[in-house]
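Please read them with the model open beside you.

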Amino acid sequence: MSEVTPRIPQATSKRLPLYYRFLKGFSNAGKRVSSSELSEVMKIDAATIRRDFSHFGALGRKGYGYDVDDLLHFFRQTLDQDEETDVALIGVGGLGSAFLKYNFQKTHNTRIVIAFDPKASKEGRIVSNIPVYHPDMMEEKLQEMGINIVILTVPANVAQDTADRLAEIEVKGILNFTPARLTVPDWMRVHTIDLSAELQTLIYFIKNDVKDSQL
């Protein structure tokens with residue numbers, strides 16, 4: 001993904017892929033779309049959509065709406081949708097196996113091309129058409145393939161050690177699905193998705209009737 005200018009709020013940046021995904025659904029429905037129409041299908045407040053779009057300049061006009069083709073072109077360029085990104089998976093347990101089977105089928109520019117798991121041999125084995133190697137081969141294979149983004153689904157007790165190894169070979173980003181809070185160099189970006197914490201948060205909101213349209 002292209003580097004987003006610092007003035008763009010993080011919450012807005014996280015919504016950009018969602019806008020692109022939903023806008024593709026409008027590409028055959030007409031040439032224009034309003035913030036109200038996007039709000040209805042995305043369940044995001046129309047004012048939030050207009051505010052997000054305003055960070056990128058004049059993407060639309062009042063009373064006219066947004067040109068769908070122009071928006072799709074803008075977000076495709078912003079999100080580097082024309083450039084393929086190869087990703088590695090570390091940890092082929094239950095969640096990791098699901099990732100291999102799914103392999104971002106609806107995201108044509110992103111794909112898992114290699115995986116690592118302690119149960120695999122150094123020679124490797126094939127799972128869902130993806131080669132899986134022993135972690136001892138991790139540094140060699142990642143550098144050989146020039147991979148800079150890794151999905152981490154290992155047990156929490158080995159997550160930090162794995163992150164340290166990735167930092168040593170200057171992997172730029174980790175999508176962390178472990179509950180561990182990773183310590184990494186400033187130049188490395190980590191996005192943590194703690195499924196257990198998200199579920200607990202959902203339960204809390206339900207029990208306390210807390211609503212947030214941006215969740």
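1. Aromatic pairs come first. The model is predicted, and a search of the whole structure finds 3 aromatic pairs in it. One of them joins Tyr19 and Phe53, whose ring centres are 4.9 Å apart and whose planes make an angle of 70 degrees, so the pair is edge-to-face, the class for planes over 60 degrees apart. A pair of aromatic rings is described by the distance of the centres and the angle of the planes.

2. Where do Tyr19 and Phe53 sit in the chain? Tyr19 belongs to helix 1, which covers residues 10-26, and Phe53 belongs to helix 3, which covers residues 46-54. Tyr19 and Phe53 are both buried.

3. Phe53 also pairs with Tyr66. This pair is edge-to-face, with 5.0 Å from centre to centre and 85 degrees between the planes. Phe53 of helix 3 is here linked to Tyr66 of strand 3 (residues 65-67), and the two are 13 residues apart. Through these ring pairs, Tyr19, Phe53 and Tyr66 form a cluster.

4. Why do Phe53 and Tyr66 count as buried? The class requires a relative accessible area under 20%. Phe53 has a relative accessible area of 2%, so Phe53 is buried. Tyr66 has 10%, and therefore Tyr66 is buried as well.

5. The next point is the packing of two helices. Helix 2 and helix 3 pack with their axes 8 Å apart, at an angle of about 115 degrees. The crossing of helix 2 past helix 3 is right-handed. On the helix 2 side the contact is made by Ser35, Ser36, Leu38 and Ser39, and on the helix 3 side by Ala46, Ile49, Arg50 and Phe53.

6. Ser36 lies in helix 2, residues 35-42. Its relative accessibility is 49%, so Ser36 counts as partly exposed. From Ser36 to Arg50 there are 14 residues in sequence and 9.5 Å in space, C-alpha to C-alpha.

7. Ile49 is in helix 3. Is Ile49 buried or exposed? Its relative accessible area is 0%, so Ile49 is buried. Apart from neighbours within four places in sequence, Ile49 is in contact with Tyr19, Ser35, Leu38, Ser39 and Ile44. The C-alpha atoms of Ile49 and Thr12 are 8.9 Å apart, although 37 residues separate them along the chain.

8. Two backbone angles deserve a check. Most residues other than glycine have a negative phi, and most peptide bonds are trans. Ser128, which is not a glycine, has a positive phi near 50 degrees. Ser128 is in the loop between strand 6 (125-127) and strand 7 (130-133). With a relative accessible area of 38%, Ser128 is partly exposed.

9. Glu170 is another residue with a positive phi, here about 65 degrees, and Glu170 is not a glycine either. Glu170 is in the loop between helix 7 (156-168) and strand 9 (173-176). Its relative accessibility is 56%, so Glu170 counts as exposed.

10. Ile169 is in the loop between helix 7 and strand 9. At 17% relative accessibility, Ile169 counts as buried. Leaving aside neighbours within four places in sequence, the contacts of Ile169 are with Glu139, Leu142 and Gln143. Ile169 and Met138 are 31 residues apart along the chain, and 9.9 Å separates their C-alpha atoms.

11. Some totals for the chain follow. The secondary structure consists of 8 helices and 10 strands. Of the 215 residues, 39% are buried. Among contacts with a separation of 6 or more, 53% are between residues 24 or more positions apart. The chain exposes about 13,200 Å², of which carbon and sulfur atoms supply 50%.

12. Last, the confidence of the prediction. The chain has a mean pLDDT of 84, and 85% of its residues reach 70 or more. Residues 1-6 have a pLDDT below 50, and this stretch has 8 contacts in the model beyond near neighbours in sequence. Where pLDDT is low, the predicted coordinates should not be read in detail.

Key: Residues are numbered from 1 along each chain as its sequence is written. This is a predicted model: local features need pLDDT of at least 70, side-chain atom pairs count only at pLDDT 80 or more; totals for chains, interfaces and linings use all residues. Side-chain values use heavy atoms; hydrogens and water are left out. Rings of Phe, Tyr and Trp (its six-membered ring) pair if their centres lie within 6.5 Å; planes under 30 degrees apart count as stacked, over 60 as edge-to-face and the rest as tilted. Helices (H or I, at least four residues) and strands (E, at least two) are DSSP runs, numbered from the N terminus. Buried means under 20% relative accessible area, exposed over 50%, partly exposed in between (1.4 Å probe, protein chains only). pLDDT is the predictor's confidence in each residue, from 0 to 100. Contact means heavy atoms within 4.5 Å. Accessible areas come from the Shrake-Rupley method with a 1.4 Å probe; for residues, only the protein chains shown count as cover. Axes are lines fitted to C-alpha atoms, for helices over the stretch in contact, and angles run from 0 to 180 degrees between N-to-C directions. A crossing is left-handed if the near helix is turned anticlockwise from the far one by less than a right angle, and right-handed if clockwise.
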